[in-house]
Amino acid sequence: MRLKTIAPHIILVLFACYIALPPLWVLRTSFVPDSVAYQPALMPEFTWQNYVKLFTEGTFARAYLNSFIASAGATILGLPLAAMTGYAFARYRTGGQISRFVVLATQMLPPVAIILPVFALFRMVGLTNSVTGLMIAYAAINLPFLTWILMGFFEGVPIELEWAAQVDGATVWEAFWKIVMPVSLPGIAAAAVLGFILAWNEFLFALILTGPTTATIPVALAGLQSSNGVQIAEISAGVVMGILPMLLASRFIQRYLVRGLTFGAVK
Amino acid sequence: MADIELRNVSKRYTGRVAAVEDVNLHIRDGEFMIFLGPSGCGKSTTLRMIAGLENISSGELFIGGKRMNDVAPRDRNIAVVFQSYALYPHMTVAENLAFGLKMHKRPQSEIEERVKRVSAMLGIGQFLERKPAALSGGQRQRVALGRALVRDPAAFLLDEPLSNLDAQLRADMRLELVKLHRQLGSTIIHVTHDQVEAMTMGERICIMKDGRVVQVGAPLDVYRNPANTFVAGFLASPPMNLIEARLTGEGDGLWVEAGAMRLQVPAAYREAYRAYVDKPVIFGIRAEDIHAHQAQPDWQALDADVVALETLGAEVVLVMGISGIARADIAARLGRDYRAQIGSRQQLYADLAEMQLFDPQTTNAIPRPQP
Ligand SMILES: Nc1ncnc2c1ncn2[C@@H]1O[C@H](COP(=O)(O)OP(=O)(O)OP(=O)(O)O)[C@@H](O)[C@H]1O
Ligand SMILES: [Mg+2]
């Protein structure tokens with residue numbers, strides 16, 4: 001009986017270590033000097049220096065800001081569009097099965113396949129080496145994904161709610177904004193956070209479309225690897241700083257995703 | 001206040017057979033109309049077409065004499081209570097009640113006044129600041145009703161509003177709805193599955209099947225004169241017993257014969273039924289017309305093989321077979337003290353004063369004089 005409960009726990013602990021060890025090691029490395037970073041010792045020396053250097057020298061602080069602007073901007077730009085598209089798919093079956101598939105199919109295209117044409121187009125209109133350009137690109141890239149997620153959420157909103165609003169005197173448009181949107185708020189928040197994370201972690205487009213002053217975190221981190229050899233401690237500090245907002249965001253997502261979608265509209 | 005008229009109204013969803021087919025129905029101003037029918041027969045679809053939530057594929061709809069086919073739901077001045085209640089989950093009860101009035105741009109003072117009046121009327125005054133999630137089923141049902149009432153609409157469409165409630169609450173709400181109708185005098189269409197609701201609440205019942213209206217009439221009329229075997233077998237519980245039989249004639253008399261059962265048709269119906277002599281018919285008799293004792297001389301003996309006894313307290317429903325008849329689910333409602341051995345043969349007495357005969361081909365009732 002005891003063995004039965006202990007055995008699964010041992011397996012779970014092993015798995016947890018397997019998953020958690022690399023990020024924990026990054027955290028550890030970010031607090032030791034570069035010179036001893038590769039030693040297997042747990043904490044040979046402690047220092048804040050990596051973080052101080054990261055934000056005072058080089059372009060990392062700038063990259064941090066760029067990442068925020070590009071990711072948040074892309075979300076703000078893309079979400080209303082995705083909401084309306086997703087709603088049209090969910091409620092009116094706009095375009096039927098095919099249009100849904102096409103939306104999904106764009107996600108199957110490897111990003112490398114479209115990066116060069118995008119670069120060419122952006123250069124023509126002067127959007128390369130600009131955070132605004134990156135923001136627009138991210139909004140477009142995330143649109144299908146966000147549409148797909150929100151479609152699922154809207155399908156979960158009982159149509160009777162809209163009907164009730166309509167007989168109560170609302171137009172279709174008012175029913176959407178006053179009833180469907182507030183009711184789907186948890187879903188929309190979740191989609192926003194997911195979209196933000198996708199943009200935040202994106203590397204390829206950022207690498208091609210930005211320059212030194214417009215780089216985002218992933219690009220800036222990559223930069224630390226090439227200039228003076230691999231500055232592993234500083235990179236670790238950068239990785240930790242890069243992950244931090246995501247950790248906060250994922251808690252936020254969880255809180256919203258577990259909440260019932262319609263919380264009491266329908267018995 | 002408005003009457004509602006459907007003329008040849010049909011609904012066809014793409015790629016399906018018609019969900020509602022050629023419905024003609026006139027609901028009078030101030031009438032309490034019941035829609036009754038099995039699941040999927042098109043009750044909700046009809047309701048939604050009246051409310052404007054679903055396009056009418058063909059036919060015409062008039063509310064208060066005006067053609068409404070192309071009028072938006074919000075301009076029809078109709079309130080709907082959905083089976084699921086469909087309360088706005090992100091709004092408080094007060095906001096739920098006020099939403100329709102706000103949409104119609106009523107002044108704030110009037111909104112407050114009406115919300116207060118309706119919530120007092122329905123006894124939901126103490127919940128005004130709560131969200132629907134924090135209400136019980138019965139309370140939600142009242143809020144849904146309140147949301148319809150505040151707007152003072154021309155007609156109410158109620159789609160099985162009581163079906164989510166427990167038996168006690170349902171009985172209470174049944175009475176309250178009837179009372180409300182008497183107070184307001186508005187036109188009400190009430191959709192239900194429930195036999196008791198159908199019999200007790202409405203002024204008329206409209207019975208539907210497969211998207212068509214089968215019979216419309218006052219509850220007792222429909223009960224006593226079902227138009228066909230479907231209505232006979234659907235309305236009431238237990239439903240009318242329907243037995244495949246033959247009509248035989250001997251001299252002046254007429255008999256219904258099935259297996260070991262041989263019952264004489266009352267003299268009053270002989271003329272009406274004579275054309276069916278020596279033909280197969282479907283014999284219909286209500287469970288309450290089969291008795292344990294012969295209280296009237298013209299009640300006729302019947303040998304029943306007891307299959308089951310359902311002791312309901314107020315009565316005993318005897319389920320029986322008759323030798324030579326295939327079906328063994330013929331029901332009789334007997335006094336509460338009736339007892340019999342399962343499997344035994346008992347003598348019962350049939351009162352044929354309210355009998356019906358149906359044509360097996362068309363399933364329609366064969367017309368006969370009223371008892
Ligand atoms: N949006 C739709 N698309 C296709 N078919 C539909 C749609 N809505 C309803 N139907 C079909 O139309 C028919 C009538 O449905 P309706 O909901 O009116 O039945 P109902 O009488 O209200 O049944 P219930 O008592 O179960 O509520 C059903 O066969 C149903 O499957
Ligand atoms: Mg229905």
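In which loop of chain B is B:P238 found, and between which elements does that loop run?

Reply: B:P238 is found in the loop of chain B that runs between α8 (229-234) and β11 (241-250), where helices (H or I, at least four residues) and strands (E, at least two) are DSSP runs numbered from the N terminus. The model is a predicted one, in which local features need pLDDT of at least 70 and side-chain atom pairs count only at pLDDT 80 or more, while totals for chains, interfaces and linings use all residues. Residues are numbered from 1 along each chain as its sequence is written, chains are lettered from A and ligands numbered from 1 in the order in which they are written, and side-chain values use heavy atoms, with hydrogens and water left out.

Another backbone detail in chain B concerns B:K105, whose phi is near 55°, a positive value in a residue other than glycine. B:K105 is found in the loop that links α2 (93-103) and α3 (108-122) of chain B.

Taken along the principal axes, the box filled by the C-alpha atoms of chain A comes to roughly 70 × 70 × 30 Å.

Where the two chains meet, chain A contributes 22 residues and chain B contributes 26 residues to the contact (heavy atoms within 4.5 Å). Between them chain A and chain B bury about 2,300 Å², and 66% of this lies on carbon and sulfur atoms; the buried area is the accessible area (1.4 Å probe) lost by two parts on being put together, summed over both. The count of salt bridges between chain A and chain B is one, with a salt bridge taken as a side-chain nitrogen of Lys or Arg within 4 Å of a carboxyl oxygen of Asp or Glu. In that pairing the side chain of B:R151 meets that of A:D168, with 3.2 Å from N to O.

On the side of chain A that touches chain B, α7 (159-167) and α8 (172-183) of chain A each supply at least two residues. The largest share comes from α7(A), which gives seven residues to this side. By residue class, the side of chain A that touches chain B divides into twelve nonpolar, five polar and five charged residues, counting Ala, Val, Leu, Ile, Met, Phe, Trp, Tyr, Cys and Pro as nonpolar, Asp, Glu, Lys and Arg as charged, and the others, Gly among them, as polar.
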